[in-house]
Amino acid sequence: MKNIFTKNVAFGFSLLLLFLINSVNAQTIAENGMVVSDNVIASQVGVDILKKGGNAVDAVIATAFALEVTHPEAGNIGGGGFMVFMKSTGDVTTFDFREKAPLAASPTMFLDEKGKIKDNSNHKGLLAVGVPGTVAGLYQAHQKYGKLPWADLVRPSVDLAKKGFTMTYGLYNAAVRVSDNDPSEDIMKNYFRGENGEIVKPGETWKQPALAKTLEQIEIHGRDGFYKGVVAQEIEDYMKANGGIITKEDLEKYEAVEREPVQGTFNGYDIYSMPPPSSGGVALIEMMNLMEEANITEIEFNSTAYVHLVAEAMRRAFADRAEHLGDPDFNPEMPLDKLLSKDFAKKRFENLDLNKASISDPAQYGHPYGGDHTTHFSVVDKDGNAISMTYTLENSYGVKMGSDKLGFIFNNEMGDFNPVPGQTTSTGQIGSDPNLVAPEKRMLSSMTPTIVAKDGKPYLVIGSPGGRTIINTVFQTVLNVLAYDMRIDRAIEAMKIHHQWLPDMILYEHNLLSPDTRDALQKMGHTLRPTTNIGVLMGITYDASTKLYTGASDSSSEDGGARGY
Ligand code: DON
């Protein structure tokens with residue numbers, strides 16, 4: 001390990017100084033490998049695997065399991081997600097382990113007799129749970145590309161759950177929020193409590209014995225430790241007892257899928273991202289094409305013209321998303337080649353008025369904004385393998401329910417399906433066909449794990465949580481690095497906006513957009529709404545001239561951080 005630290009080993013004092021500088025800097029620099037995640041303990045678990053000789057795939061798996069323990073708001077084995085993997089050879093592949101609708105699901109399962117959504121049931125209660133995909137996806141990636149034994153990758157998380165780790169303020173605040181404010185949610189009543197029945201306080205040790213046992217099943221039996229045997233039996237029993245419909249058959253039938261990435265270019269860079277059932281990659285590449293077409297590098301960052309163009313690109317990409325995208329296994333006719341083409345970008349901007357906002361028409365062809373309740377992490381290793389992975393429970397702590405015997409929380413991802421067939425509204429509810437519920441169908445996602453390459457080598461590894469805002473968060477950060485030459489930490493922190501076609505408004509990060517610009521945008525016909533923060537990005541860039549990795553975690557992540565060696 002030619003670590004920045006060990007090079008300075010002769011100078012104990014300077015080493016300490018360097019450590020302090022490195023840990024307070026907005027960016028972390030390393031030579032051999034790096035993990036940037038929403039929780040520094042999990043990032044360290046990943047880096048330890050790299051140091052032991054594991055590759056990026058091994059590190060990503062170990063980090064994912066560690067996040068289930070240390071960042072349970074979104075880290076998960078009860079949810080699903082996507083992984084984009086660029087091998088050191090330059091080849092790129094992806095793993096889709098998105099949740100699926102259970103066999104007993106139907107397009108109208110959330111509706112009452114009047115055709116209205118019943119009791120928020122697509123988000124609340126066990127009908128909202130999709131068949132989890134995370135363990136299957138991680139296992140499949142390991143079978144094909146892992147180097148270290150599977151058990152070595154799960155063991156650190158078993159230990160973390162069993163022996164516990166120090167409760168942070170970030171986790172504690174979330175624990176108080178979900179445990180006390182919503183007593184209806186069963187697992188939350190005791191999830192964060194110690195033996196004395198109190199919520200574990202910051203600085204105290206939080207242990208999760210039931211989760212440790214579940215993880216042990218996965219450590220010993222691999223995929224089958226989750227989808228068969230005692231864990232699967234308890235999932236079925238818990239579902240039956242509490243109004244859920246997921247059965248052992250659903251679990252046994254679940255398969256992760258390795259898919260070709262979607263690919264685009266921007267000013268000579270290659271962009272690789274997630275294909276459907278995520279809409280993220282297609283929309284990202286469509287918007288990057290629109291930016292190339294608009295010659296964005298000539299337009300000043302954060303100017304009125306910049307915000308207008310970026311918002312208009314978002315409006316168009318989100319309308320196309322609503323019209324065309326869904327699970328590819330159910331929508332074989334999706335016009336992906338067209339949506340990804342430079343020609344299409346040209347046509348899509350034909351009706352753009354540089355001085356006036358376009359109109360979003362629900363009758364022609366948009367869901368509410370997302371929160372931060374997904375988590376992204378980026379990993380690189382010493383051989384030049386890079387992985388961008390985003391996974392989620394949908395809402396913060398998913399459906400906030402799970403069996404005490406298993407110690408993990410289920411997703412409420414069924415809420416990502418279009419809930420009312422045929423009904424698209426100006427508030428952003430979408431009812432188009434490609435994303436209606438069907439048995440074994442994957443719900444459309446916005447997750448956008450992305451790798452940008454230069455000369456066949458990873459240049460930027462990036463992603464974010466945030467529901468529909470994810471696509472736009474990643475889009476603007478990629479643009480910040482590629483078009484505006486920003487350092488990764490600055491690209492992550494820079495002002496972001498969000499427009500999703502419907503509702504027709506620009507959400508912007510307050511204090512970061514000048515009153516004059518806002519005024520000018522309103523005069524052009526845009527409706528603006530401030531928000532505190534958009535996105536929680538975790539990114540890594542590679543500098544071929546210094547051969548160094550630079551990582552940064554978004555300052556809005558309370559426990560996040562980059563670890564390298
Ligand atoms: O897959 C998706 O796009 C969403 N379920 C992600 C959710 C998220 O980022 C947090 N939002 N509420």
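Buried means under 20% relative accessible area, exposed over 50% and partly exposed in between, with a 1.4 Å probe and protein chains only. The model is predicted, so local features need pLDDT of at least 70 and side-chain atom pairs count only at pLDDT 80 or more, whereas totals for chains, interfaces and linings use all residues. Residues are numbered from 1 along each chain as its sequence is written, and side-chain values use heavy atoms, with hydrogens and water left out.

**View 1. Ser445 in its loop.** Ser445 lies in the loop between β11 (386-392) and β12 (450-454), strands being DSSP runs of E of at least two residues, numbered from the N terminus. Ser445 counts as buried because its relative accessibility is 2%. Apart from neighbours within four places in sequence, the residues in contact with Ser445 include Phe82, Arg98 and Arg321, where contact means heavy atoms within 4.5 Å.

**View 2. Ser446 and Arg321.** Ser446 is also placed in the loop between β11 and β12, and is buried at a relative accessible area of 7%. The side chains of Ser446 and Arg321 are joined by a polar contact of 2.8 Å, that is, a pair of N or O atoms within 3.5 Å, of which, within protein, one must be able to donate a hydrogen and the other to accept it, residues adjacent in sequence counting only if both atoms are side-chain atoms.

**View 3. The open sheet β14-β15-β16.** This open sheet has 3 strands and mixed pairing, two strands being paired if DSSP finds at least two bridges between them. Strand β15 (residues 506-509) pairs with β16 in the parallel sense over 4 bridges, and Leu507 stands opposite Arg529 in β16.
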